[in-house]
Every structure is written in C-alpha cells, then in structure tokens.
Amino acid sequence: MKLTHLVVAASLFGSTALVANSAAADVKVGLLGGISGPIAAMAPPMIDAAKLAFAQVNEQGGVLGGQKIVTVVGDSACNPQNGVDAASKLVNVEQVTALVGPHCSGPVIAVANSVAAPAGVALITPSGTSPEITGLDDKGTVYRTVPSDDYQGRALARTLVAQGTKNVAVAYLNNDYGSGLAGAFKAEFETQGGKISGYAAHEEGKASYRTNLAELSRGGADTLVIFDYGDGSGLTILRQALENGFFTNFVGGDGMKSDAPIKELGAENLTTFVASSPMGEASSSLDSFNKAFTAAGGSADAIFVANSYDAAFVLALAIEKAGGDKAKVPAAISAVSDGKGEAVAAGEWKKAVELIKAGKEIDYKGAAGDLNFDANGDVPGAYGLFSIDGESFKLQTPMN
Amino acid sequence: MTLLELMNFYVIPGLVLGSIYAVGAVGITLVFGILRFAHLAHGDLATFGAFAALAVVTASGISPWAALPIAMALCALIAIGIDKVFYDYLTDRPKIITVMASLGIALMLRAVIQVIWGVDTETYSRGLVRPENYWGLRLRDREIFTMLAMFAIVGVLWVFLQKTKWGKAMRAMSDNPDLALLSGVDNRRTTMLTWAIVGALCAASGFFLGLNTELKALMGWTMLLPMFAAAILGGVGRVEGAVLGGLVVGVAEELSVLVLPSEYKAAMAFVILLLILLVRPTGLLKGKLL
C-alpha cells in the first residue's frame, strides 16, 4: 500500500516537473474544430493532420531555436456560440499564439469578429468556405487554406450546365456555409441559362424533410442539389428523397462528400449521386503529406486533411518568421506563401528555418495547392466532381 | 396538389413525427405533473435509449424491435439511477435547481454517448426502405408500426394510471404530494416508479426517431423543444393531452411548409408554445397551471 502511494506521489511529482519544464519554452497553438456537432465525423482526421504538421516541426528542431509547438484543442461544435466560447478560452486563458480553425464557416465569422480581430491573433481555417469570409473586416488576421465557395458554387453550376442538366432544385442548410454556396451556385446557374425550379433553406436536426422535398419537387426538376453536411441533415434529406422517389439525380457540395451516405444508404443506391469537392493537384508536397499521414495512421483521402496540414504548417512558418511575436504572425502568414521567394514543400521544415535565418524570402507550396494568399487571405483552388465507385468517392471530372 | 399528395407528403410524415413527439411528451408531462420540474435531460436520455438499442442490435443481430424492450428496461434503470444520485439529493431545494441539474445531466449523458458510440451517424439497418402503396397512401412498415406502438404504449400506461393501485398513487402524488403522503402513499417508491416509466418512454421515443431517421449524438436534444411544446399544448400532467399535443405539433410543423418558407419549420414549435401560453395556459385538456 505504501509503495503504491509512493509511486503515485513520485509520478505526480514527475509530471508536474515535466509540465513546468516544457511550459517555460513552448509555443502554444490553438486547434479549434467542430469536434462535436454536425461535422463530428470529419473533424478528427483534420485535427490529426494539423497535429502531424506540428509533430514534423518539433521533430526537425522546433520553432524559434528549439522551442516545441504545443497544441491545445478547442471544440467549436460547428456553431458560432460554442466557437466564440472556445476561441476566447484559447486566446485569453491559454494565451495561444494563433488559431488553426474553426472548421465551419459560421464559427469562423463569429470568432474572427469577436475574438481574433480584436485580439490581433491570427486565424487560419482549413475548411471555412463561405464567401462571406472574404469580405470580413478582420484587420488582416483571417486566412484560409481552402478556396472560397463562391468559386466552388460557380464551377459546379458551369459543370452541370455543360453536362446538360438545365433544371434543378436546390436544398441548402440555413447557415453561412449552405447559404453562401447556394447563392453562388444560383447566380452562375441562371447566368448560364439554367432554371432553378425550387430553392429553399432548411434547418438541421429535423426528423422529416419530406414536406421540404415535396415543395422542391413541385417545380418539375429531376435533379436535386444539396448544400448540407453528409453526416447531418444532408443524409436525412438524401435518404428521404431516394425512398420517396422525389428526385432521380443528386448533386452535393463538398460537405456531402462524406462516408456516411455510402455507409448508411449503401453504394448501390447512390449511383446517381455526385459531389463536388476541392481536388488536390498532384505535387511533391501532396505526395510527401500523403505518405507521412498514412504512416501516422490517417486516411489521406479524408476531406480537408491536406488543407488542415497546410494551415498548421504555414502557421508554424509564420511563427518562425515573426520571431514568435504574436502581433506579427498575421502579416507573416501571407509573407511565407505569396508566390515569391524560394519554394518550400510540405515537411521541409529544416530547409525553411535555414532560409528564414539567412533572411531569404520563402514560398510555401502546400499539399492541397500552392496557397499564395491574396489580400483577403483567400487562396485559389481546383475542384472536381466525384462519383461513388465501389465503397468510396472517385474523381469523375475536374470542374472549371 | 391532390388530396393524396397532401396526405402522402405532408400529413403522414406529420403524424409519424407527431407520434415520436407524443411518446417523448408523455414522459415530460409525467415528470412535470408528478415531480413538478422541467426535465431537460429528457432528449439526451432518449438518445441514450436509441443507442442502447443499437448496441443490442449490433451485438446480437436481433431485429431492432426485439431490442426495444431491452433498451427500455436499461433506460428505466438509468433514469432511476440518475434520480437516486442527483435529483433526489435536491428534492427539498427550490425546483429551479433541479431543472438546472437536469441540464447538466443532459450534457453528461451526451458526453457518455459520444465516448461509447462515437460521433458518426448510425442506422439500425443499412440501405433504403421504399414505401408500400395502400390504396394510394404511401406508407413504410416502420411508420405504421411507429404509430401503432405509440398508441399501444400510451394505452397501457393510461390503463395503468387509471386502474392500478400504483397508478392511482402516482396520480394522487401529482394532485397533492403532501396529502398523498398522509394518505399512506409511499412517495419515494412512487417517484422511483415514475422514473422507471419515464426512462422507458424516453428509450421508446429515441428508438422511434432512430428507426425513422438516423442515430446521432444530438438527435434527442434537437427534439426537446417540440416535445415540451407538445406536453404544454396538451395540458401538463395529462397523458392523453401529451399524445394530442404531439400529433398537433408534428402535423403543424410539416404543414407549415405550405405557407411559410421551409427554414421557419423549426420555429413552429416555438410559435405553438407561445400561443398556448398566451391564450390557454392550462393546455387543450386542462392540465395543471405551471
């Protein structure tokens, strides 16, 4: 009995000593994600990918001459209130240097307005795609490693019209993600001469969307475009539309490219379902990320993992460049990936540190794309239309 | 729009949804009437019941319907346990403290569900079930069973409350706990029995919701407001009122799409709750005044 007490006491003492040692020379970074809530199934691989980037940094010598990057995870639950609560805690209590996340557009906007911009703390979201984020008055603190949905919506509209789909109904989730994407899609689809015969928002978490679907199908379209999450109400809508035969063809945005529909509805029932999604362009960065992430036990095909990795890696570069000064990190983010300077690929931390030390400009080429932030903190991107082949999504056609 | 379309796409989904609300609302109305507080953990207890049934289905491969009684029994035990550990301790304090405690229980239950079953969306059986055609009415088997099971469960409960000794004790406690105590009603055992029934009802409502849609960690929480609206609409403490309230709220939510933009569908429960509190606070069937 005494021995166990002694062991417990010793280990407690040991762990406090560890904490005290590491706290003296650590750079804290907040990882804010939709860990619970509608994208709960997507969030863990994204968090893991961001952690992988920081682990590589720490393995290759750390930041600012040997300091380790320590991550603190916060849960935004994919809604603005939780996002702001979690972000305030990370920024004010944990005193993080910068934030990776939140994942969903709603919390990104709320956190940018009420936490990141007032505190001057940098925020990089790997998956907040709403067009609203572009125009935020964020004092240059907000960046994203994923292209705006304005582009995705328009590219999807052009691709559908080019494939001969001229009459569609649109069901979108009533939040910043859904309405932003749907708005961009609608504008372009109508410009291209297509007809939108039903256009309606819905709330998440309802048990039945059959009435919504009945209203949408009254316009006579046989294609339903769903801008929602495949783990949330998007799945319910897809199921009820299929079961009741309201529509024959289904098109989803990137949120619908989730494994849940395949797992729950069965691939054999989803032959007429396609989803658009950001598409990684082949590059050495993407290869090295895929290899490292697979080796770490992750699935490189999961959505937004490359974007999450990039967000974390570019942030580490910016912290190094800013010399650890919190206030200089936001400006440093665009400086380390603006298309000018010597190219640095994913995982090449040592090389980047040497270049920064030598006072040279660097240009991070990310796994999800070259990044190259514009004045609004946005990046250009490539999209593809994916269909289901076997038990997973396969690229059907690139969109432009 | 033809009458059949109205029935198939608006009224029938409304009735199925209403049946699910009704089973949950009966539980809420019992806690409200007998123990006199708003039980905010009701939705998450329902989620727990739904996932407990899923665990039985995946572990033994039996039909979800056979798993329902097991889940109901398990949830009844959990409800009794929660009462013993948390609510019982707060009985003599102002009721608002118990209400807040139940919010904490809701968060704890949800966390437990997420730890045990994860956050992925699940279903009892994979694939699609297309509806059968009954003289133009399109119904799935599970929808018919959901409505029938709701009436069966509530019917048994009603007979129990009206005819048996323990049912009468519960009603007596609902009318006046002190008087019931003086007349020899064992308040502690009646409370325990109430929680057992409430837990079982929770499991049933979560199971029906999961059967008709999908199982998610937040499924019960999002149902809480319509269930409360249904309980208050029917009259607090009135079992048959909760059934009526549930059906009205379900059908009203679905029919609202005909006149309102669909994003306001979720607000229907709020509107009904506000109207009934303004116009007839005792509810349709003259329940207790809160």
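User: What does the secondary structure of chain B come to, in helices and strands?

Analyst: Chain B has 11 helices and two strands, where a helix is a DSSP run of H or I with at least four residues and a strand a run of E with at least two, both numbered from the N terminus. Along the sequence they follow the pattern α-α-α-α-β-β-α-α-α-α-α-α-α. Please keep in mind that this is a predicted model, in which local features need pLDDT of at least 70 and side-chain atom pairs count only at pLDDT 80 or more, while totals for chains, interfaces and linings use all residues. Residues are numbered from 1 along each chain as its sequence is written, and chains are lettered from A and ligands numbered from 1 in the order in which they are written.

User: What makes the radius of gyration of chain B agree with that of a compact globule?

Analyst: The rule is 2.2 Å times the number of residues to the power 0.38, with the radius taken over C-alpha atoms. For 290 residues this puts a compact globule near 19 Å, and chain B has 19 Å, so the two agree. The C-alpha atoms of chain B fill a box of roughly 60 × 50 × 35 Å along the principal axes.

User: Why are H9(B) and H11(B) called roughly parallel?

Analyst: Helix H9 (residues 219–234) and helix H11 (residues 268–279) of chain B pack at about 25°, with axes 9 Å apart. Axes are lines fitted to C-alpha atoms, for helices over the stretch in contact, and angles run from 0 to 180 degrees between N-to-C directions. Angles under 35 degrees count as roughly parallel, over 145 as roughly antiparallel, 65 to 115 as roughly perpendicular and the rest as oblique. H9(B) and H11(B) are therefore roughly parallel.

User: Which residues make the contact of H9(B) with H11(B), and of what class are they?

Analyst: H9(B) brings B:Leu225, B:Pro226, B:Ala229, B:Ile232 and B:Leu233, and H11(B) brings B:Ala269, B:Ile272, B:Leu273 and B:Ile276; contact means C-beta atoms, placed from the backbone, within 7 Å. By class there are nine nonpolar, no polar and no charged residues. Nonpolar covers Ala, Val, Leu, Ile, Met, Phe, Trp, Tyr, Cys and Pro, charged covers Asp, Glu, Lys and Arg, and the others, Gly among them, are polar.

User: Why is H5(B) called roughly perpendicular to H6(B)?

Analyst: The axes of helix H5 (residues 141–163) and helix H6 (residues 165–175) of chain B come within 5 Å and cross at roughly 80°. That makes H5(B) roughly perpendicular to H6(B). Here B:Phe160, B:Leu161, B:Gln162 and B:Lys163 of H5(B) meet B:Gly167, B:Met170 and B:Arg171 of H6(B). These residues divide into three nonpolar, two polar and two charged.

User: Why are H2(B) and H4(B) called roughly parallel?

Analyst: Helix H2 (residues 42–60) and helix H4 (residues 95–117) of chain B pack at about 25°, with axes 8 Å apart. H2(B) and H4(B) are therefore roughly parallel. In H2(B), B:Gly43, B:Asp44, B:Leu45, B:Thr47, B:Phe48 and B:Phe51 meet B:Ala106, B:Leu109, B:Arg110, B:Ile113 and B:Trp117 in H4(B). Their classes are seven nonpolar, two polar and two charged.

User: How many residues does each chain bring to the contact of chain A with chain B?

Analyst: Chain A gives 29 residues and chain B gives 30. On the side of chain A, H8(A) gives the most, with six residues. That side has 10 nonpolar, 11 polar and eight charged residues.

Definitions and conventions:
Contact = placed C-beta atoms within 7 Å.
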